[in-house]
Amino acid sequence: MRVAMIGTGYVGLVSGACFADFGHVVTCVDKDASKIEKLKAGVMPIYEPGLDSLVANNVAEERLFFTTDPAEAIRDADAVFIAVGTPSRRGDGHADLSYVYGAAEEIAQLMDGFTVVVTKSTVPVGTGDEVEEIIRKTRPDGDFAVVSNPEFLREGAAIKDFKIPDRVVVGTEDERARQVMGELYRPLFLNETPILFTARRTSELIKYAANAFLAVKITFINEMADLCEKVGANVQEVSRGIGLDGRIGSKFLNAGPGYGGSCFPKDTLALTKTANDYDSPVRIVDTVVEVNAARKKAMAGKVIAAMGGDVSGKTIGVLGLAFKQNTDDMRDAPSLDILPALQAAGATIKAYDPEAMTEASHLLKDIQFAKNAYEAAQDADALVILTEWDQFRALDLDRIKAALNSNVVVDLRNIYSPEDMAAKGFAYTSIGRPAV
Ligand code: NAD
């Protein structure tokens, strides 16, 4: 099959490279010429484990191509994927569909022969209808079908998630499109991945329902953590105690500073907007959006309290800036709320992240960037762990202690044990676990 991928970001690039690895011929298009130049030179524009060799292999095998010219990709394609961004629209929180509609216009002008137009971007219910109308307007005689195929990959584990997914969801009622989609995903039949064919609107809603459910789960355990702190219980044991119940499941029950990232914040918000538009509010999601936003803001207060209530003139070493480990993605990262609040309270921030510092330097002001975790801790009045990168899980604690000006460590990811930290002489604060 010949595939065009419109949008070569976290989703488009990974999906394109994985489809190529399945044996399809894929051309990835992006408007951003610098991204395409980098890719042509073999440089990855994002950090995603394993992506560089996957891309290099498929480029060498002549199955994966990059271009800024949509015509080059779309003309001969059996399937054209729309994998452009759908950020929150400024002002009202609805999904901004301008990039999706822009891509639909381009596809309409360039497609040739029967073309399956696949929306991989996360889009509100009814967007497929709109994309179909846009294309139909330009090409009243066009032979095409618009399909919804939401993406569930997680940054940091994106290749594995794409190649060994829990399920693939395809929303279409067009038989020819169904066959093309079946052919594209046929390599997954080998590992018996469930492929769920649904109506298009159902498929669009599945993606939002999935993200909202996960956001509810995280927010639930975060509130349990707050309660644990008040009643002297341990949230990690609560998580394990409830997660072993098969109806609940143990994943997504790690308490932390509040969810961030490129999907949950915007998708939960967009779902509440859609639900309100249809006069069918999802009040549990409304609450989750509100609680999570407040939580990220409250985390600065937790750090200030751990430092004795006043951080003015103090230096805080920070480990991790990305919204989670194994990515350089800074979109809606908790660090973007927490660090400016600490600066506003008078603190100086010295931070280290293995991959996200370049991106962070565009989004955060007046941060000193360190070369490694120990440099971030050097002469700081406290150390704050914001992201659970593997390399922060087994730090040389004696070296950290010697580097710090104090013994205060605030671990917003619960990667250390309160007992071990107390034994080392740290004044250790974590989330939802009694201090020792
Ligand atoms: P991204 O911002 O990393 O990439 C989008 C790319 O599209 C950009 O490089 C942009 O230049 C390009 N683009 C925009 N309009 C274009 C056009 N007309 N032609 C060519 N290129 C164009 O976004 P992303 O994180 O890959 O997300 C894409 C979609 O996938 C979003 O709807 C998102 O919600 C969804 N999604 C993301 C993830 C994730 O983990 N990032 C997971 C699942 C679903």
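1. Basis. Residues are numbered from 1 along each chain as its sequence is written. The model is predicted, so local features need pLDDT of at least 70 and side-chain atom pairs count only at pLDDT 80 or more, while totals for chains, interfaces and linings use all residues.

2. Domains. The protein chain splits into domain 1 (2-198) and domain 2 (226-429), with bounds from an automatic or database domain assignment. Their centres, taken over C-alpha atoms, are 33 Å apart. Contact (C-beta atoms, placed from the backbone, within 7 Å) involves 15 residues of domain 1 and 15 residues of domain 2. The domain 1 side has 8 nonpolar, 5 polar and 2 charged residues; nonpolar means Ala, Val, Leu, Ile, Met, Phe, Trp, Tyr, Cys and Pro, charged means Asp, Glu, Lys and Arg, and polar means the others, Gly among them.

3. H9 and H12. Helices are DSSP runs (H or I, at least four residues), numbered from the N terminus. H9 packs on helix H12 (residues 283-306) at about 55 degrees, with axes 10 Å apart; axes are lines fitted to C-alpha atoms over the stretch in contact, and angles run from 0 to 180 degrees between N-to-C directions. Residues in contact include Ala212 and Glu223 of H9 and Val288 and Arg295 of H12. By class, this contact has 7 nonpolar, 3 polar and 2 charged residues.

4. H9 and H11. Helix H9 (residues 200-231) meets helix H11 (residues 264-277) at about 115 degrees, with axes 9 Å apart. Tyr208 of H9 and Phe264 of H11 are among the residues in contact.

Conventions: Helices (H or I, at least four residues) and strands (E, at least two) are DSSP runs, numbered from the N terminus. Two residues are in contact if their C-beta atoms, placed from the backbone, lie within 7 Å.
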